[in-house]
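Trainee: I've got this model open and I'd like to go through its cavities and helix packing. Can you take me through it?

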Amino acid sequence: MRHPVSVDHMNLAEEFVLLAYRNEGSPELDGPRLDHGLAGALLLDLALAERVAVEQGRVVVRDPAPLGDPLLDEALARIARDGKGRQPRHWVSAFARDTRTRTLDRLVDAGVLNREKERVLFVFPRTRYPAPHGVEPVAEAEARQRLIAAVSGSGPVEARTAALCALVGATGLDRKIFRDLDRKQVRRRLKEVSEGAWAAAAVKKTIQSIQAATIAAAVAASSAAAATS
């Protein structure tokens, strides 16, 4: 059973996938980076809500109480059931398998995106997820504005935007979002945001661990895909 997303409150995976798709419906990132970025987004949301933490290099459940978001609650329950204290990279790879499909389905059900199936050269099937009427969704515009304000400004950044900065930096999406800004400034500011006092030390350490795991898993998957193509 699907649970349509509330347009008023999106999780990080939904914001990330909107940013990662062009208005005409094709992704800005290759499949491995997109999928592992979405998986990392689930873990980041759980970390921000202090449901999970990374302790001694392992993901542990700190609070099993559901958040009311089916994607996040199912991910949390899966980690809790496993009970083996696995490394962040394990969960990034595990959640990468179906998070994209489920996130896009929710956005389509909510009317935030459309789904269009077509064939390339009349043979190869392809599904695009364009914005209705070619207009950037409000939630995407707001997320983009938060990111640009964080990178263009100085000083503290609120925790959710800092986590989204970590996510776009981990997947290379920052090169697309901030394409009109000076690259050195962007990298410098993303580093400042990462190191800033925007969350409790334990939460920030957990998010940095998830960011590193997302990078490692995405790079490994991209390399494997390239080797077999």
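Trainee: What volume does the second largest cavity have?

Mentor: This is a predicted model, where local features need pLDDT of at least 70, side-chain atom pairs count only at pLDDT 80 or more, and totals for chains, interfaces and linings use all residues. Residues are numbered from 1 along each chain as its sequence is written, and side-chain values use heavy atoms, with hydrogens and water left out. A cavity is a set of points, on a 1 Å grid over the protein atoms alone, where a 1.4 Å probe fits but cannot get out; points are joined across faces, edges and corners, and the volume is the space filled by probe spheres set on them. For the second largest cavity, that gives about 30 Å³.

Trainee: Which helix gives the most to the lining of the largest cavity?

Mentor: That cavity holds about 40 Å³, and W198 and Q211 are among its lining residues. Helices are DSSP runs (H or I, at least four residues), numbered from the N terminus. Both α7 (159–171) and α10 (201–228) supply at least two lining residues. The top contributor, with 3 residues, is α10.

Trainee: How are α1 and α2 oriented to each other?

Mentor: Axes are lines fitted to C-alpha atoms over the stretch in contact, and angles run from 0 to 180 degrees between N-to-C directions. Helix α1 (residues 12–20) and helix α2 (residues 31–48) pack at about 150°, with axes 8 Å apart. Angles over 145 degrees count as roughly antiparallel. So α1 and α2 are roughly antiparallel.

Trainee: And what about α1 and α6, how do they lie to each other?

Mentor: α1 and helix α6 (residues 138–152) have axes 9 Å apart and an angle of about 90°. The range from 65 to 115 degrees counts as roughly perpendicular. α1 and α6 are therefore roughly perpendicular.

Trainee: Which residues of α1 make that contact with α6?

Mentor: Contact means heavy atoms within 4.5 Å. On the α6 side, the partners are A139, E140, A143, R144, R146 and L147. By class, the contact has 5 nonpolar, no polar and 4 charged residues. From α1 come E15, L18 and L19.

Methods:
On a 1 Å grid over the protein atoms alone, a cavity is a set of points where a 1.4 Å probe fits but cannot get out, and a pocket is an open set with protein on both sides within 12 Å along at least five of seven lines; lining residues have an atom within 4 Å of a point. Angles under 35 degrees count as roughly parallel, over 145 as roughly antiparallel, 65 to 115 as roughly perpendicular and the rest as oblique. Ala, Val, Leu, Ile, Met, Phe, Trp, Tyr, Cys and Pro count as nonpolar, Asp, Glu, Lys and Arg as charged, and the others, Gly among them, as polar.
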